[in-house]
Amino acid sequence: MTDHPARPTHRHRRSSVRWRTAVGAVFGLLLIGLIAGVGLAGDRGDAAPRAARASAALPFDLPAADVLRDSPHQVFAHYFPPYPLSLDNRPAEDDYYARNYLTPQGEQGKHAAYGGLLRDRPQPVPPSRGDWQLADLEREVRTARDAGLDGFTVDILSLDGTNRQRVDRLLRAAQRVDPHFRIVLMPDMTSLHTDPRTLADQLARLAVSPSAYRLADGRLVVSPFKAEAQDPAWWGQVIARLRDHGIGTALVPVFLDFRANAERFAPISHAFSSWGNRSYTRQDNVPGDVRLAHSLGKKWMQAVSVQDARPNQGIYDEAGNTATLRSTWNHAISDGADWVQLTTWNDYSEGSQFAPSLHNGHAYLDISSYYLTRFKTGAWPRIVRDTVYVTSRVQFADGGGALLQPRLMRPRPGTAPPRDRVEVLSFLTAPATVSARVGTVPHSYRAPAGAYAQDLPLSPGRSEVVVRRAGHTVAAVATRYPVRRTVTVQDLQYYAVSSGR
């Protein structure tokens, strides 16, 4: 493949016979379900059955799409065009991700110093005929829609070339799959070096698509990333030029430094947002940000994130397993956010993906759907299926070194202290006994009904969890990747697995 995506400068942005039998029984049922579902993975219609299948994997029943969409609270996910499901329509074991992004030797060794560009990849899809790029984007739209999302905020990295073509295709895919799925245009001001007229003319071309998000009054939503890279007068020229095209604009700037820019951008903005951060100990500013936005008469779009680990930038945040995910969602709910942006859907070079991936499956997206339901409906969904999620790294944070990686990641200044823990996040219909084996170390505790997180010390090997109630196994899960002390590359992302899938 020669036309691979250009990468802009990056944004600042888991024994005993009884034990094995219990795990095996549940996995057998899951395998049957997986085999049954393989033939359905690529269908284009059948929205209600697809949504029902997605909901059956969750600990609760996801409300119908019309119920979720009737809410004034909207949830978008940040779509990063360089990392679609496939880059070359080849089998996953020999595609561009495998050959060039996931290995230190990829792309003629340009990523060797940091052990390869990526540590995870989109969940592999089989090669397909016809317009496979459009078909893959349609699949991503369905996945997001079936998780309850309203749409994508698409990162416009360039005004021509491969990444721009993916923006055009994403708009087409959304219209073909679901006319109510919205695409928010997000010019990326870290990589766009242009003038107001040119940018506005390009936005007007994209706005022709029925999937480009407009408010009820017809205004086009434009949400520039790092809006403060240009001053309000510059953005005023963009808005004026769009008006020449007959397009009104609802500007929703996403700032890296919100407090320093809120008042000067208020006269031209419909809503505000901040890119936020990815450490659970650094969310105390959120209540004040929401209050400030509302005091200026603006809506607030809250950033919700899983984690952040960037080998090529040599930096990572301590996410605390799912602590950052739960904290950012809880802030959006309790602090009065109007909208949410999941940051990100698929930026694998930041390790911040919610999208189904090779190492995490649907786990992070499934957990997010629980909080999304509360955010949109105002009520926590009732748990109707015992489900357990296990997250852990596959190596220790202080491992010391990596055989094939001379330049290691360091904790971002101010992030939470690095930790080595396995987290068992249970969603239970009633109290139950949780038995866990982390490597060779057994643990047991009583978990309450509802959502409950239990941290356990990390140990080498795989982790297995069995949930029992009244002598019956109601959920079981095991990690697919073992924890190792000696590694070839540094990988500090948290891997996740669900008993529901």
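Buried, in these notes, means under 20% relative accessible area, with exposed over 50% and partly exposed in between (1.4 Å probe, protein chains only). I am working from a predicted model, where local features need pLDDT of at least 70 and side-chain atom pairs count only at pLDDT 80 or more, while totals for chains, interfaces and linings use all residues. Residues are numbered from 1 along each chain as its sequence is written, and side-chain values use heavy atoms, with hydrogens and water left out.

**Entry 1: aromatic pairs**

I looked up ring pairs and found 27 aromatic pairs in the structure. Rings of Phe, Tyr and Trp (its six-membered ring) pair if their centres lie within 6.5 Å; planes under 30 degrees apart count as stacked, over 60 as edge-to-face and the rest as tilted. Phe-80 and Tyr-83 have ring centres 5.8 Å apart and planes at 45°, so I put them down as tilted. Phe-80 is buried at 2% relative accessibility, and Tyr-83 is buried at 1%.

Tyr-213 and Trp-339 are also a tilted pair, because their planes stand at 55°, with centres 6.1 Å apart. Tyr-213 sits in the loop between helix 8 (196–207) and strand 4 (220–222) and Trp-339 in strand 11 (residues 339–342), so this pair ties together parts that are 126 residues apart in sequence. Helices (H or I, at least four residues) and strands (E, at least two) are DSSP runs, numbered from the N terminus. Both Tyr-213 and Trp-339 are buried.

I also noted a cluster linked by ring pairs: Phe-60, Tyr-370, Tyr-371, Trp-380, Tyr-389 and Phe-427. Elsewhere, Arg-485 has its charged end over the ring of Phe-396, 4.2 Å from the ring centre. For that I need NZ of Lys or CZ of Arg within 6 Å of the ring centre and within 35 degrees of the ring normal.

**Entry 2: Gln-341**

Back to strand 11, which holds Gln-341. Gln-341 has a relative accessible area of 0%, so it counts as buried. Leaving out residues up to four places away in sequence, I find that Gln-341 touches several others, among them Phe-76, His-78, Thr-153, Met-186, Trp-275 and Met-301. Contact means heavy atoms within 4.5 Å.

**Entry 3: helices 7 and 8**

Helix 7 (residues 161–177) packs on helix 8 at about 30°, with the axes 10 Å apart. Axes are lines fitted to C-alpha atoms, for helices over the stretch in contact, and angles run from 0 to 180 degrees between N-to-C directions. The two helices are therefore roughly parallel (angles under 35 degrees; over 145 is roughly antiparallel, 65 to 115 roughly perpendicular and the rest oblique). Helix 7 brings Arg-164, Val-167, Asp-168 and Leu-171 to the contact, and helix 8 brings Gln-202, Arg-205 and Leu-206.

**Entry 4: two open sheets**

Two strands pair if DSSP finds at least two bridges between them. Strand 18 (residues 463–469) and strand 19 (residues 472–478) share six bridges; Val-466 stands opposite Ala-476, and Arg-469 has His-472 as its bridge partner. Their hairpin has two residues between the strands, and Ala-470 takes a positive phi near 55° there.

The other open sheet has three strands in the order 9-10-13, with mixed pairing. Strand 10 (residues 315–316) runs parallel to strand 13, joined by two bridges, and Tyr-316 has Pro-411 as its bridge partner.
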